[in-house]
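Visitor: I would like to learn how to read a chain-chain interface and its aromatic rings. Please walk me through one case.

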Amino acid sequence: MNFGESTRKPLWSELAEELGRLHGKARKAREILLGSLSTEIATTPFEVVHQEDRTRLKHYLPRTAPTLKTPLLIVYALINRETMLDLQPDRSVVQTFLNSGLDVYMMDWGFPTRKDRFLTIEDHVCGYMDHAVDFIRERHGTDRINLMGICMGGSFCVMYAALYPEKIRNLNTTVTPTSFETDEGLLHVWMRRLDADRMVETYGNIPGDLMNFGFLLLNPARLVIDKYRGLLESVNDKEFVENFVRMEKWIFDSPDVPGETFRQFIRDCYRENLLIRSRMKLGSRRVDLKRITMPLLNIYARYDHLVPPGAARELTQAVGSTDVEDVCLDTGHIGVYVSSKTQKEFAPRIIRWLRERDDDGGTPDSGPQPPAASPASACARTPS
Amino acid sequence: MQHSSRNVQDPQPDALSLLMGGWGRELIDLHFQVLRKAVAFSGTLPGSGKGPLDAWGAFYEKEIQPFLKAPQVGLARYYQERSAHLVDKFNSWNKASIEFLRVVSGPLEKSIRSLQGGKGNGDGAGLSTSKELYQRWIEQLDSLYQDLLRSPDFIQCLSDTLDALEGFVTARTEYVQGLGKALQLPTLRDLDEAYRELYLLKKEVRALREERAEKSGRRSNRPAARPASRKR
């Protein structure tokens, strides 16, 4: 035997062994996939307290006595669904908030139909969002609430806070694009070349499936090949499969985007970058970021391929507030919410930050006052 | 008396032979034309992947598309036009999507070839476990895709593909709506007009409600809450 030679097996031998292992895995996988899997998402109980057209305002049922005086409204993007914040019990931002005594409301944008194609950004921000904010303020007997926005929902929150600063106590933006003049992200490069007008004229509302395809195209090697290779690798692990299926359920659950909203977002934000320059208009009102004078916590992700750091971090310099903080997490766009590592960092950080700025002191109220003439607000836990 | 078949005053035998001659000549010419074009087209088949597609595109635009764009006549001309338009747009979409797939599969081919080339060098250090091999391949593939997806050529291809898709979708919608018209089904345009009016009316009602609330000194600019009427 020549001791200088490598003792590594030839490739064909490794492949044969791998095939043998796969056979065992396949048998186990069949048991798992054909057995009962727990893949429900968004299982935290809530009630729908307000509804307007297709949008619903969800109020999560408190788990403890509230420890913060100010209720929190979370506004998700129009792309994909807000269920991502409550994907699974051990990775639920909503549950973390509830366990810490936050009173949590969430905007559910619903599923736009052709009827909604003429809705603009103004309708969403100054219409649905403003009505939801007023509802919460009235319900809690408070002048101001906390507002948290995610991705495009964060952009909406920024616009809202600039137009109605008197209604917002604290503003938290997470993975929120506000400055679009960057080539860091592929999406920014593509969107500038997109003929949004033609798309809206053709489709009315932009189909969710088309957007899904576009998102997959951003990183085909990882999202189309490697991801499913990872599934095959761990298909004999029931917990892994359940988590994987939950993520798949969420990621391909894409409502259409109202046409006029899409058109304006591409034109005013991606093409002309009006938002960060305080030149964006909603109707006749200019969104002046200097009017954002409440505390701002801006969280973004270092490896975010959809909202790169360059698109998110300029906000704190553009607002009028002096109490601003940028936090950059070492994760990607979705990892901010679902990564087990950031679970310990992300939500607790927000809670701490809000607690430090929760009113001038005094005991928190006992929660929302029951409405005088209570409509039948169904306790709607809607497992998916 | 010999009856001359070539007497020009007697048209029947001459017309027949003329017709046959004429038709025959045309038929033979047509055959030769088709053969020439087929040879020209097939000559591009081996070699670069783009050649046949471009040749087909040129052939389609020159030989087939003029028929589809020829003006239609008769009572059913609008339906004929829309059918021809749909077929034309479908072909354009087909061509664009094939080109798109060709471009998108480029990095796959390159990465596999590069992996094979590396192994074939006989470099023992290049050989690795299947996992390492896969890892190397996926990283290379990822890198190739990131270069491709930012390139101006790809962005143009993506834009052309989207244009072709939108052209086909619009043509298909018009065609189907044309058929639906016979059943008195509303078109998307009809619905959009109704939706737009509804949208504007709702805005007006909200504005009037706000104005009334402000005048009466009460700020109530949201509609009354109503229970969730549907669950998903």
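**Reading the interface and the rings**

Guide: Start with charge pairs. A salt bridge is a side-chain nitrogen of Lys or Arg within 4 Å of a carboxyl oxygen of Asp or Glu. Between chain B and chain A the count is 11 salt bridges. This is a predicted model: local features need pLDDT of at least 70, side-chain atom pairs count only at pLDDT 80 or more, and totals for chains, interfaces and linings use all residues. Residues are numbered from 1 along each chain as its sequence is written, chains are lettered from A and ligands numbered from 1 in the order in which they are written, and side-chain values use heavy atoms, with hydrogens and water left out.

Visitor: Which residue does B:E166 meet in a salt bridge?

Guide: A:R198, at 3.6 Å, N to O.

Visitor: Which helices of chain B supply at least two residues each to the side that touches chain A?

Guide: Helices here are DSSP runs (H or I, at least four residues), numbered from the N terminus. In chain B they are α4 (106-119), α5 (130-150), α6 (152-182) and α7 (188-215). The largest share, 14 residues, comes from α5(B).

Visitor: How do I read the extent of the interface?

Guide: Contact means heavy atoms within 4.5 Å. By that rule, 51 residues of chain B are in contact with 55 residues of chain A. Buried area is the accessible area (1.4 Å probe) that two parts lose on being put together, summed over both. Here it is about 4,900 Å², and carbon and sulfur atoms give 55% of it.

Visitor: Now the rings. How many aromatic pairs does a search of the whole structure find?

Guide: Rings of Phe, Tyr and Trp (its six-membered ring) pair if their centres lie within 6.5 Å; planes under 30 degrees apart are stacked, over 60 edge-to-face, the rest tilted. The search finds 14 pairs over all chains. One of them, A:Y337 with A:F346, is edge-to-face, at 5.2 Å centre to centre and 90 degrees between the planes.

Visitor: Why is the pair of B:F100 and B:F154 tilted?

Guide: The planes of B:F100 and B:F154 are at 40 degrees, with centres 5.9 Å apart, so the pair is tilted. B:F100 lies in α3 (residues 77-104) and B:F154 in α6, both of chain B, so the pair ties together parts 54 residues apart in sequence.
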